[in-house]
Amino acid sequence: MIDFRYHLVSLVGVFLALTVGIVLGSTMLQDPLLDRLNADAAQMRDEAEELRAEKDAADRRYAGVTALVAAWSGDMVADQLDDERVVIVEAPGVDATTRDQLADQVTAAGATMTGRVSFTERYLDPAEAPHVRDLTDDLVSEPELDSPELPSGGAYERAAVLLASVLLTAPEDADERSARETVLDGFHDGGLLGYGGQPARGADLALFLGPEGMGTPADSTNPDDPDAGYAPILALAEAADATGDGTVIAGAPESAQESGLVAHARAAGDAITTVDIAGDPAGDIVTVYALAGAAHGNVGHYGIGPGSDDYLPDPVPPAPDEEDDE
């Protein structure tokens, strides 16, 4: 019969075996385990140093290539946009330096900048749709304005057609130009946009710019609201593309991510050219090439982000004198 002393001896034996195992493990296995861990740590440090050196070399190469492109950018874009008139349209949050650098490249390509239009956050607020509609309906009846026929759709579709007619067609005379300025002043006074230059002169091409960040607040990207997110800007881009000779939507690489303007444009379809590398010399040159292609009816998506076809148009649009030589 198994009694209590048997159980006690068995338990003591088990704990003794565990103790012996722990002692043996801590003495016999300690050194090999530490040696292995130290070796792994040393290997990881070496790999980290190699990666850091590779990154530093890549950064230096990128800086060198960027400097080289910047030095030759004038020659690379020369004559690409000869005799074209370009208006810049900005979503809220566009960096002024990025915009000015792009404007310089567009001018270097031979284009005339008619001006720029910068929309406010208020314009993107779906709650402002009634205000936008009322303002549009009031301004479209402005005397001396060659008023377009507005669609029966939503507020932003109606505003887009009116604004596109103001920005992308040439006024017939000084009175009509003054009426167009009244339209822009009306949207400005309503807190919906600002503008500089003389956009009421009318352009051939429209360059839309998105901010470097991810875009509009999460609560304004409600898929059930047709006026949410960047829908008002995209409605204007579509109207501008239909009214003028071509439209390009450009932004930094972040703009091609989920909530960026370029991402929204690409998700909407292939009708308008997009660029997601604007903001550095090479990307700005690609944007000029994209505009030149759009002027000839070519549509593409350029850059490095999701939905891009290639880094730049292929073939690169030839300069006008090269076209004449063919």
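Predicted model: local features only at pLDDT ≥ 70, side-chain atom pairs only at ≥ 80, totals over all residues.
Student: What makes tyrosine 123 count as buried or exposed?

Tutor: Buried means under 20% relative accessible area, exposed over 50%, and partly exposed in between, with a 1.4 Å probe and protein chains only. Tyrosine 123 has a relative accessible area of 1%, so tyrosine 123 is buried. Phenylalanine 119, at 4%, is buried, and tyrosine 156, at 1%, also counts as buried. Of the 326 residues of the chain, 41% are in the buried class.

Student: How many aromatic pairs does the structure hold?

Tutor: The structure holds two aromatic pairs; rings of Phe, Tyr and Trp (its six-membered ring) pair if their centres lie within 6.5 Å, and planes under 30 degrees apart count as stacked, over 60 as edge-to-face and the rest as tilted.

Student: Why is the pair of phenylalanine 119 and tyrosine 123 called tilted?

Tutor: The ring centres of phenylalanine 119 and tyrosine 123 are 4.5 Å apart and their planes stand at 35°, so this pair is tilted.

Student: Why is the pair of tyrosine 123 and tyrosine 156 called edge-to-face?

Tutor: Their centres are 5.2 Å apart and their planes stand at 85°, so the pair of tyrosine 123 and tyrosine 156 is edge-to-face. Tyrosine 123 lies in helix α4 (residues 121–124) and tyrosine 156 in helix α6 (residues 155–168), so the pair ties together parts 33 residues apart in sequence.

Student: How do you know that the span of α6 agrees with its number of residues?

Tutor: The expected span of a helix is 1.5 Å times one less than its number of residues. For the 14 residues of α6 that gives 20 Å, and the end C-alpha atoms are 20 Å apart, so the two agree. Helix α6 is also mostly covered, since 12 of its 14 residues are buried, including Arg158 and Ser165.

Student: What does the same check give for helix α8?

Tutor: The 13 residues of helix α8 (residues 231–243) should span 18 Å, and its end C-alpha atoms are 18 Å apart, which agrees. Among the buried residues of α8 are Pro232, Ile233 and Leu234.

Student: What makes methionine 76 partly exposed?

Tutor: Methionine 76, which is found in helix α2 (residues 30–77), has a relative accessible area of 33%, and therefore counts as partly exposed.

Student: Where does valine 275 lie, and is it buried or exposed?

Tutor: Valine 275 lies in strand β6 (residues 273–275), and at 0% relative accessibility valine 275 counts as buried. Leaving aside neighbours within four places in sequence, valine 275 is in contact (heavy atoms within 4.5 Å) with residues including Val248, Arg266 and Tyr302.

Conventions. Residues numbered from 1 in each chain as written. Heavy atoms only, no water. Helix = DSSP H or I, 4+ residues; strand = E, 2+ residues; numbered from the N terminus.
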